[in-house]
Amino acid sequence: MTKFREVVYKKGEFHFASITEEETKAVEFKYDKDDVSVILFHVYDYDKPSSSTPRSNNTDNTGDNKDQMVDENNHELITKSQPSFLHPINELSTEMLSLLQQPHISEVLNSRKEMMERFGKTEPRVEYIKGTKESQFSHYNLVLISKTYLQSLNSPESCEVMINRLFTRISFDINFFQSKKVLLSPLFLPHTSEYKYWNKYGTDLNLWKNPITNLFPHVEKCYITCPIGKVWDEHLNMKKYTTTIISYNVLAQCYISNRLYNYCKENDLKDRVRYPKLVETLRPLRGDIFLIQEAEKESMKQLKTLMSDGCFHKFEKKDQREEGLGILIDKQFWNVIEDGSYLLQFGYPQKILFAICQHKFTNCKILVATTHLIGDPNLIEVQSKQTQCIINLLNYLREEKKVSTVVLGGDFNADVDSDCYKLFKKNGFKSSIKEIQGKELSLTFNTDKIHRAIDYIWVKCYDESNKDIDVDKDYYQPQIIIDKRDALPNGAHGSDHIPIYSCFKLSTAPHPAITQTNNIVITSQDNHLPTTV
């Protein structure tokens with residue numbers, strides 16, 4: 001059964017029906033075919049067949065595959081009769097695939113072959129097709145887009161321009177016939193660097209919502225189809241096999257003073273102004289695991305709003321301080337099995353906070369942790385000991401808890417030439433930012449006098465043959481870039497740090513289920529744990 005999302009106009013806004021994975025199997029799409037206009041987005045490639053749906057190798061002498069297409073469960077989907085020069089690369093619902101096979105649509109595809117070969121690679125084409133008595137609907141708008149054109153989209157603006165142009169063209173037909181309902185197939189494309197801009201910006205709901213709202217005044221309902229196993233929100237589709245981990249020093253309000261931040265506007269330092277900025281800075285990154293430094297009770301409360309469907313949250317204050325470490329994990333995707341904290345000793349209040357969690361879709365099990373190391377330049381030796389203590393602790397925990405991969409994010413108060421940075425590298429940890437970007441960021445902490453890169457996300461897989469997660473180098477991950485002349489916090493940023501993030505691929509290999517245990521707190525008095533270099 002095709003999964004559908006119903007979009008309903010209410011007071012000028014779209015509202016999406018909440019349909020769970022289980023419920024969609026029993027949902028049947030009902031419509032009046034004479035009152036529906038169909039918009040089919042068909043992305044094609046001239047050179048190779050689609051890998052999204054298995055096909056038989058049997059072809060007739062015209063080169064067209066006449067065999068049936070089947071899904072992964074060997075269920076019959078459609079009988080392939082479309083021309084071989086148009087191999088679909090986007091994932092389509094069975095509903096939309098069936099529509100493409102209707103004779104009057106196939107005839108248009110064939111008749112446009114020469115034209116598309118000449119012009120279709122550089123510009124999308126929109127073909128209006130009037131339904132026949134035998135066809136399923138009365139009106140069709142077939143949008144033909146080439147792989148080459150999609151790869152040319154190199155900015156969020158170019159994606160928005162493309163959608164607005166196409167919907168403006170389509171609106172002429174929709175409005176002329178005063179269609180009350182629209183059946184729409186959005187673009188789902190492989191998550192590779194080829195389509196990095198489209199997958200990040202082109203699947204943004206607002207890019208589709210605004211032109212439909214503004215250009216289709218007669219439309220009462222818009223039905224949006226999705227491929228089997230997907231939902232309309234592409235972010236949720238990705239989260240079935242990826243995770244985005246964010247590390248952010250949010251600047252504790254208890255440290256703010258006019259003396260330290262005399263270069264800032266007074267209003268920019270108020271918590272009621274800063275906290276919403278923290279949230280709005282993080283929201284576009286769409287993380288599902290947040291590793292927070294200099295967290296406070298109120299800032300954690302604000303950050304929890306990033307996860308509307310519920311989240312695991314843990315806040316651990318430093319001794320005799322109001323600030324400390326925080327972890328937020330989206331319960332929509334993760335089960336938290338165990339969590340704890342550990343005092344790093346050496347007479348200072350620095351700690352490490354960790355959680356062991358299991359992904360709900362892949363069952364991958366990982367250990368995530370955060371820390372904020374001492375930053376006094378006169379105590380570099382202490383910082384090095386704290387670093388080694390963390391490395392020893394993570395080694396112990398992953399053996400004890402049977403976890404193969406560890407991700408550690410934090411403010412390390414250490415640059416790339418420091419002993420701290422070198423110790424992590426020496427012990428097999430990789431900086432995910434460097435793995436993705438090819439180098440570390442030039443700035444993550446920026447005041448009027450201090451300009452440093454001291455925030456990292458470290459990842460280590462202890463079993464290379466059994467990686468639960470790995471850095472996703474194919475997915476486009478632009479970091480927040482600042483100029484050292486733009487001292488923080490300011491009108492745009494609520495902290496003196498910027499957040500850093502990394503997207504990781506999750507292994508789809510079978511994993512055993514895990515039984516949740518009680519929370520634990522590890523202290524330096526537990527003599528069976530490593531505490532010294």
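Six strands form an open sheet in the order β15-β16-β17-β18-β22-β19, and their pairing is mixed. The model is predicted.

**Sheet edge**
- The sheet ends in β15 (334–343) and β19 (430–431), edge strands that each pair on one side only.
- Strand β19 is joined by 2 bridges to β22, which spans residues 455–461.
- β19 and β22 run antiparallel.
- Opposite lysine 430 stands valine 459 of β22.

**Helix α13 on the sheet**
- Residues 419–426 make up helix α13, which packs on the sheet.

**Helix α12 against α13**
- Helix α12 covers residues 380–400 and packs with α13 at an angle of about 20°, the two axes being 9 Å apart.
- Because angles under 35 degrees count as roughly parallel, α12 is roughly parallel to α13.
- The two helices, α12 and α13, have a right-handed crossing.
- On the α12 side, the contact involves Gln383, Ser384, Thr387, Gln388, Ile390 and Ile391.
- These residues meet Asp419, Cys420, Leu423 and Phe424 of α13.
- Sorted by class, the contact between α12 and α13 has 5 nonpolar, 4 polar and 1 charged residues.

Terms used:
Residues numbered from 1 in each chain as written. Predicted model: local features only at pLDDT ≥ 70, side-chain atom pairs only at ≥ 80, totals over all residues. Heavy atoms only, no water. Pairing = 2+ DSSP bridges. Helix = DSSP H or I, 4+ residues; strand = E, 2+ residues; numbered from the N terminus. Contact = heavy atoms within 4.5 Å. Axes fitted to C-alpha atoms, helices over the stretch in contact; angles between N-to-C directions. Parallel < 35°, antiparallel > 145°, perpendicular 65-115°, else oblique. Left-handed = near helix turned anticlockwise from the far one by under 90°. Nonpolar A, V, L, I, M, F, W, Y, C, P; charged D, E, K, R; others polar.
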